[in-house]
Amino acid sequence: QVQFVAAGGGLVQPGGSLNLLCAASGNTFDQYISGWYRQGPGKQRNAVATITSFGIPNYSDSVKGRFTISRDNAKNMLYLQMTNLNAADTDVYYCHILVPGARIGDNWGQGIQVTVSS
C-alpha cells in the first residue's frame, strides 16, 4: 500500500498559478499509473490528470493546456503545475496511485484545498 503526503494548496486569484506535490512512501510508486483528482461539495471525485510510470500524461479536457502533471520516480514524487486558474478549478485535490486489484478507497493522499477567487 502506497501512502501519499500532499502539499501545495491554497488561495490564488483567477489567472494565477499554483503547484501541488505528493510524496509517496514505499518502493512501488514507480510501477503504476498515478494521478490527480478533484472533488467539490456534493460532487463526484473526477480525474484531472494521470501519468504513466514512464511519464506519459493524460489530461481532462477542462485542464488541458493549463495543467501539467509530472513525476520523479527516483524521489517518489508526483507533481501538478496549474496555470491560468479559474473559479471552476476550486476544489479539494487528491493524489492517487492506480494499483491493480486495490480497493477504491486505497492509495489516496489527503485532500488539499485549492481556492480560486478574486
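Here is a tour of a predicted model, stop by stop.

Start by selecting arginine 38, which you'll find in strand S4, residues 34-39. Is arginine 38 buried or exposed? It counts as buried, because its relative accessibility is 12%. Now show the side chain of aspartate 89 too: the side chain of arginine 38 makes a polar contact with it at 2.9 Å. Other residues in contact with arginine 38 include Gln44, Phe67 and Tyr93.

Stay in S4 and click on tyrosine 37. At 12% relative accessibility, tyrosine 37 is buried as well.

Next, bring up the aromatic rings; the structure has three aromatic pairs. Zoom in on phenylalanine 4 and phenylalanine 29: their planes meet at 85° with the centres 6.1 Å apart, so this pair is edge-to-face. Phenylalanine 4 sits in strand S1 (residues 4-7) and phenylalanine 29 in the loop between S3 and S4, so the pair ties together parts 25 residues apart in sequence. Both phenylalanine 4 and phenylalanine 29 are buried.

For the last stop, select Tyr37, Tyr94 and Trp108, a cluster linked by ring pairs. Look for the charged end of arginine 45 over the ring of tyrosine 94, 3.5 Å from its centre. And how exposed is tryptophan 108? It is partly exposed, with a relative accessible area of 22%.

Notes. Residues are numbered from 1 along each chain as its sequence is written. This is a predicted model: local features need pLDDT of at least 70, side-chain atom pairs count only at pLDDT 80 or more; totals for chains, interfaces and linings use all residues. Side-chain values use heavy atoms; hydrogens and water are left out. Helices (H or I, at least four residues) and strands (E, at least two) are DSSP runs, numbered from the N terminus. Buried means under 20% relative accessible area, exposed over 50%, partly exposed in between (1.4 Å probe, protein chains only). A polar contact is a pair of N or O atoms within 3.5 Å; within protein, one must be able to donate a hydrogen and the other to accept it, and residues adjacent in sequence count only if both atoms are side-chain atoms. Contact means heavy atoms within 4.5 Å. Rings of Phe, Tyr and Trp (its six-membered ring) pair if their centres lie within 6.5 Å; planes under 30 degrees apart count as stacked, over 60 as edge-to-face and the rest as tilted. A charge sits over a ring if NZ of Lys or CZ of Arg is within 6 Å of the ring centre and within 35 degrees of the ring normal. Lists of a residue's contacts leave out its neighbours within four places in sequence.
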